[in-house]
Amino acid sequence: MSAAACGHPFCSTCWRGYISTAISDGPGCLMLRCPDPSCAAAVGQDMINSLAADDDKEKYGRYLRRSYIEDNRKTKWCPAPGCEYAVEFVMGSGSYDVNCNCSYGFCWNCTEEAHRPVDCATVSKWILKNSAESENMNWILANSKPCPKCKRPIEKNQGCMHITCTPPCKFEFCWLCLGPWSEHGERTGGFYACNRYESARQEGAYDESERRREMAKNSLERYTHYYERWAANQSSRQKALGDLQSLQNDKLERLSDIQSQPESQLKFIVEAWLQIVECRRVLKWTYAYGFYLPEHEHAKRQFFEYLQGEAESGLERLHQCAEKELQIYLDAESPSKDFNDFRTKLAGLTSVTRNYFENLVRALETGLNDVGPSTSHGTCSKSATSKSLGGKSKSGKNRASSSSSKSGGSTRGVDDSNIWTCDQCTYANPKSARACQACDRQHR
């Protein structure tokens, strides 16, 4: 016989049946009470462990852990498919991006994948837009016309203007003016033109429908531009993750044998690939940021596209070095004399790219506040602010300077006499700095 804290005794067989039934009913078993109908005494985990069967104990423990995680504001389940880890959030980190032990990164606020520098509201709108039917309707509006008889949308798939609707309608009409084809012939312009349409268009009869169709087409083309690049960077990130895993499982050990260096000395390659994965994620979300950047803020848009272009250029240099140039040393049959030069180059590119992207994220999170309201200021401030982001190439600096001089507006650009360019990473440092602020190389 056993009893809870209330002292009502029941035999072990009854207890086991009672507990098993409660656990089978779901998480409500955590609120289990004494079997006596008039008693509200709680049945604790100690009684479950001493009286329940092993399967029931395991199930109860799972419910208990889930309850603890879901009721605790500082812990959440990792949203990655198949992951059973829970993540604890450490306050004061300055960011809501967290990483699980399964290597999946997500936003603590909205539990979507990590999305700095874009805020949760923008991510929600972007994901909804990608999955909504609105873009399908835009495509239909931009690329089809309704049948004049049955009103179903028709897509023109041949060159002639003579359109026949699909069965059971089979109505024949002119693609241009949507009039019955029986009223068309040589007098109305033949198969490839329609004088009736042209005269009606001159009178303004088709202005509104054409305007709506043109607006839908422009909207669709703009969305496609951003979505394709967002998806391309997502695909590149997944490929980089696969390459990183392959590197850690096989290639690193092989490279260690070929170059006669311990794996601990090759961590710079893993760090480079981790940086590529992170930068691809940031670059991916900059396209969602750009899509929702107001069209009327020309200076901000121009400056944003410049910074985004420089980020892409820097990341491509790092990615090519880590992928193509590394392969040369993996294919070698003996230690290479210039492997240490490759180490210096890859480590330098990794540092510069990390520095640039960290500053890019901060700039976008603050809403590009460095850019003034006027277009000339926006153009002129490119060279000054982009240098502060780090990781600039010489060509990028010259391009910024030339665009600044063309604007003919402000003289707020960087004075070249007050900076020095690092020989290793080309970062533009202030004259007072003794070491490069991007790669720590001493100034000579």
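The protein exposes about 25,100 Å² of surface, and carbon and sulfur atoms supply 49% of that area. The model under discussion is a predicted one. Of its 444 residues, 41% count as buried. The secondary structure comprises 12 helices and 12 strands. When contacts between residues at least 6 apart in sequence are considered, 55% of them join residues at least 24 apart.

Strand β5 (97-99) and the helices α7, α8 and α10 (339-365) are the elements that give two or more residues to the lining. Helix α8 gives the most, with six residues.

Between α7 (207-259) and α8 (267-291) runs a loop that contains Gln261. Ser260 lies in this loop between α7 and α8 as well. Are these residues buried or exposed? Gln261 has a relative accessible area of 17% and is therefore buried, whereas Ser260, at 57% relative accessibility, counts as exposed. Ser260 also has a positive phi of about 55 degrees, although it is not a glycine. The side chain of Gln261 is joined to that of Arg343 by a polar contact of 2.5 Å. Neighbours within four places in sequence aside, Gln261 is in contact with Ser256, Leu266, Phe339, Asn340 and Arg343.

Helix α10 also holds Val361. Val361 counts as buried because its relative accessibility is 6%. Which residues does Val361 touch, not counting those up to four places away in sequence? They are Arg116, Pro117 and Val282. Val282 stands 79 residues from Val361 along the chain, yet the C-alpha atoms of the two are separated by 7.7 Å. The other two partners, Arg116 and Pro117, are joined by a cis peptide bond with omega of about 10 degrees. Pro117 belongs to the loop between β6 (105-107) and α4 (120-131).

A further cis peptide bond leads from Pro167 to Pro168, with omega near 5 degrees. Pro168 is located in the loop between β9 (162-164) and β10 (172-174). Lys170 is found in the loop between β9 and β10 too. The phi angle of Lys170 is positive, at about 60 degrees, although the residue is not a glycine. With a relative accessible area of 54%, Lys170 is exposed.

The cysteines remain to be considered. How many disulfides does a search of the whole structure find? The search finds zero. A disulfide requires a pair of cysteine sulfur atoms within 2.5 Å. For Cys34, the closest cysteine sulfur is that of Cys6, at 3.6 Å, which is too far for a bond. Cys169 is likewise in no disulfide, as the nearest cysteine sulfur, in Cys147, is 3.8 Å away. Cys34 counts as buried, at 4% relative accessibility. Cys169 is buried too, with a relative accessible area of 16%.

Technical notes:
Residues are numbered from 1 along each chain as its sequence is written. This is a predicted model: local features need pLDDT of at least 70, side-chain atom pairs count only at pLDDT 80 or more; totals for chains, interfaces and linings use all residues. Side-chain values use heavy atoms; hydrogens and water are left out. Buried means under 20% relative accessible area, exposed over 50%, partly exposed in between (1.4 Å probe, protein chains only). Helices (H or I, at least four residues) and strands (E, at least two) are DSSP runs, numbered from the N terminus. Contact means heavy atoms within 4.5 Å. Accessible areas come from the Shrake-Rupley method with a 1.4 Å probe; for residues, only the protein chains shown count as cover. A polar contact is a pair of N or O atoms within 3.5 Å; within protein, one must be able to donate a hydrogen and the other to accept it, and residues adjacent in sequence count only if both atoms are side-chain atoms.
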